[in-house]
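The entries follow the order in which I looked things up.

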Amino acid sequence: MNRKVHRRTLLKLGLAASAGTAGASLVAGASAAPEAMPAPPDNTMGVLVDTTLCIGCRKCEEACNRRNHLPRTAESFSDRDILRSFRRPTESAFTVVNQFPGSPSTDQPGLPQTYVKVQCMHCLYPSCVSACIVGALTKASDGAVVYNPTICIGCRYCQIACPFEIPAYEFHEPLTPRVRKCEFCTDRAQGTGANPACAASCPTEALVFGRRAELLDMAKSRLKQRPDRYLDRVYGETEVGGTSWLYLTGRPVQEIGLLNLPGAPPAQRTEAIQHGIFKYGMIPIAFYGLLSYLMWRNNPQREEFSGEAEARDASPKPDAKGGAE
Ligand code: SF4
Ligand code: SF4
Ligand code: SF4
């Protein structure tokens, strides 16, 4: 077994394995056929990201950083060298832009260089919300998925559940670590629905904020008008049940760091697992026990440690006076 398993993959394995041990009732609940997805409410807001218009200026990153009072970054936001390394959102960067080379760096002729902004997708059926056992993550009436740090218990189920691998965790905070992610610039004092800082700062209108239904129409109309420019797909229209953030691309999504995901929302599965765990009295310790076992098994230092232990056992034992037997 490859021991270099990514920690999130390992946690997902743990969740799947624990679900497997949860008994027939739980399994039946978890594998139930997905229900038909109701249409999202009319007031669901969203952002249309047109990757063919993005120039990789990182103004959105800067605006997000400022809007959310995130720590200053070591490098300047005008530094474009950083675009060359693939990045994910972190606890101190809720959105990042990645660069994907076009021709002539690739063997496909006529392929444009592509920049892709990444952040929480504000799923219509968010797995993070359904996985959170204390309700620290909730979906606001306009579709934003928001976080309440005062009730979060730090279990990080949301990290395991998110199909886009978005929530980050403040591991460096010893006393009050929080889950951090884009909250759609939700203004708790004035309610939601303000133009997000990233969209407001975008100089090329690669980011357009509005009602999701209208953005979807806009995206489809662009597809119709410029079939030469776009791939015939609105990413986020159906992925995992649909997302508030929608993407237009000129290249296959898997080439530009967007995950190819199924249409059924994993939220239903996570919910079934969570409900099963509590409904049928599954003790969370069993989950943690299994998780610890998996982590121990996959710990690359385990064999080294066992080897050392064996060597120690085989070595002559000191007698009570400190000499070897
Ligand atoms: S992208 Fe992940 S963190 Fe964001 S709403 Fe969807 S499941 Fe939750
Ligand atoms: S909506 Fe707000 S929090 Fe989310 S990426 Fe844009 S600026 Fe950042
Ligand atoms: S501000 Fe707009 S053009 Fe600039 S990197 Fe962000 S999305 Fe792209």
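I first looked up the classes of residue around ligand 3, and its shell divides into eight nonpolar, two polar and two charged residues, where Ala, Val, Leu, Ile, Met, Phe, Trp, Tyr, Cys and Pro count as nonpolar, Asp, Glu, Lys and Arg as charged, and the others, Gly among them, as polar. Among the residues around ligand 3 are Cys54, Cys57, Cys60, Cys202 and Leu207, a residue being near if one of its heavy atoms lies within 4 Å.

I note that the model is predicted, that local features need pLDDT of at least 70 and side-chain atom pairs pLDDT 80 or more, and that totals for chains, interfaces and linings use all residues. Residues are numbered from 1 along each chain, chains are lettered from A and ligands numbered from 1 as written, and side-chain values use heavy atoms, without hydrogens and water.

Next I asked which cavity ligand 3 takes up, and its space is the largest cavity (a set of points on a 1 Å grid over the protein atoms alone where a 1.4 Å probe fits but cannot get out, with lining residues having an atom within 4 Å of a point; a molecule sits there if more than half of its atoms lie within 2 Å of the grid points). The largest cavity has a volume of about 110 Å³, the space filled by probe spheres set on points joined across faces, edges and corners. Its lining has 17 residues, with Cys54, Cys60, Cys202, Ala206 and Leu207 nearest the centre.

For ligand 1, I found ten nonpolar, two polar and one charged residues in the shell.

Notes. On a 1 Å grid over the protein atoms alone, a cavity is a set of points where a 1.4 Å probe fits but cannot get out, and a pocket is an open set with protein on both sides within 12 Å along at least five of seven lines; lining residues have an atom within 4 Å of a point.
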